[in-house]
Amino acid sequence: MPVRAEAPPAAETRTVAIPNFWNPRSRGERVEAPQTGRAVRFLTDDEFPPLHFAGPDGNPTGFVVELTRAVCERLAITCTVQARRFDTLLDALNERQGDVVAAAIPLTPALRARFLATRPFFRWPARFIARTDRGLPAPSAAALAERSVGVIAGSAHAAYLRAFFPKAAARDFTDLSAAEGALRRGEVDYVFADGLGLALFAGGFESGNCCALIGGDYLENRYFGEGIGLVTRQEDAALARALDDALQRLWDDGRYAEIYLRFFPVSPF
């Protein structure tokens with residue numbers, strides 16, 4: 001069954017939903033970062049907004065990057081952030097060209113076999129989006145019966161739709177842009193896809209204010225993955241624990257929410 005992200009109580013008064021991936025029962029004593037005598041080197045990519053991208057001054061910024069900088073402040077450690085090509089990040093970490101990867105690299109069993117990672121601090125929810133001029137109902141197995149739903153052919157979202165909404169009239173598209181275009185033209189009733197991409201579309205110029213996210217978020221690991229965390233080498237277990245603890249405490253003191261709101265004017269959750 002669909003799993004919803006838990007939001008903090010204050011989120012009820014917000015216009016932007018803020019996800020909560022932390023377990024309050026896991027809190028313990030504060031974990032200090034190991035003292036290395038040098039700056040901790042974070043590696044990222046600068047071509048994946050709003051998570052990580054080049055700012056106006058050419059320096060890396062984005063949700064992941066600014067959260068990383070807040071982690072460093074919380075741990076009272078000196079950090080550097082260097083942008084590299086996305087497909088080289090894990091090799092650079094393995095070759096000790098950096099200490100932590102802070103980028104949208106999915107947490108998978110294969111990654112965990114090579115590296116350590118914090119608990120997820122961001123995930124990609126699946127979401128429905130619909131035209132706002134048709135009075136369409138919130139998605140459910142009954143509500144979507146015989147209604148047209150655009151999906152990307154061969155995607156996890158297409159498989160999930162067919163498994164949990166079997167009576168929906170799925171329509172395959174080659175990519176998200178094609179599905180969004182069909183929705184904007186009124187050729188499908190809904191699109192079911194990556195919530196981050198749909199949120200950017202809904203809040204962007206290309207949508208023409210045609211459409212809005214509708215219903216809840218879907219977070220099944222088996223279909224949509226575990227999300228992303230900060231990745232370290234296996235021998236840096238003390239650093240990984242400190243990063244994990246700092247992320248938890250940034251959520252507790254509201255800093256996570258503050259950074260989230262800067263980069264997600266339309267939340268994918």
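This is a predicted model: local features need pLDDT of at least 70, side-chain atom pairs count only at pLDDT 80 or more; totals for chains, interfaces and linings use all residues.

Colleague: How many disulfides does the count come to?

Modeller: Two disulfides, taking a disulfide as a pair of cysteine sulfur atoms within 2.5 Å.

Colleague: Which cysteine does Cys72 join?

Modeller: Cys72 is joined to Cys79, at 2.0 Å from S to S. That link is left-handed, with -105 degrees about the S-S bond.

Colleague: Is Cys72 buried or exposed?

Modeller: Buried, because its relative accessibility is 6%. The cut-offs are under 20% relative accessible area for buried, over 50% for exposed, and partly exposed in between (1.4 Å probe, protein chains only).

Colleague: And what does Cys79 count as?

Modeller: Cys79 is at 23%, so it counts as partly exposed.

Colleague: Switching to the other pair. How far apart are the sulfur atoms of Cys210 and Cys211?

Modeller: They sit 2.2 Å apart and form a disulfide.

Colleague: Why is the disulfide of Cys210 and Cys211 left-handed?

Modeller: Because the torsion about its S-S bond is about -95 degrees.

Colleague: Where do those two stand on accessibility?

Modeller: Cys210 has 8% relative accessibility, so it counts as buried. Cys211 is buried too, with a relative accessible area of 6%.

Colleague: Last one. What pattern do the disulfides of the chain follow?

Modeller: The pattern is 1-2, 3-4, counting bonded cysteines along the chain.

Methods: Residues are numbered from 1 along each chain as its sequence is written. Side-chain values use heavy atoms; hydrogens and water are left out.
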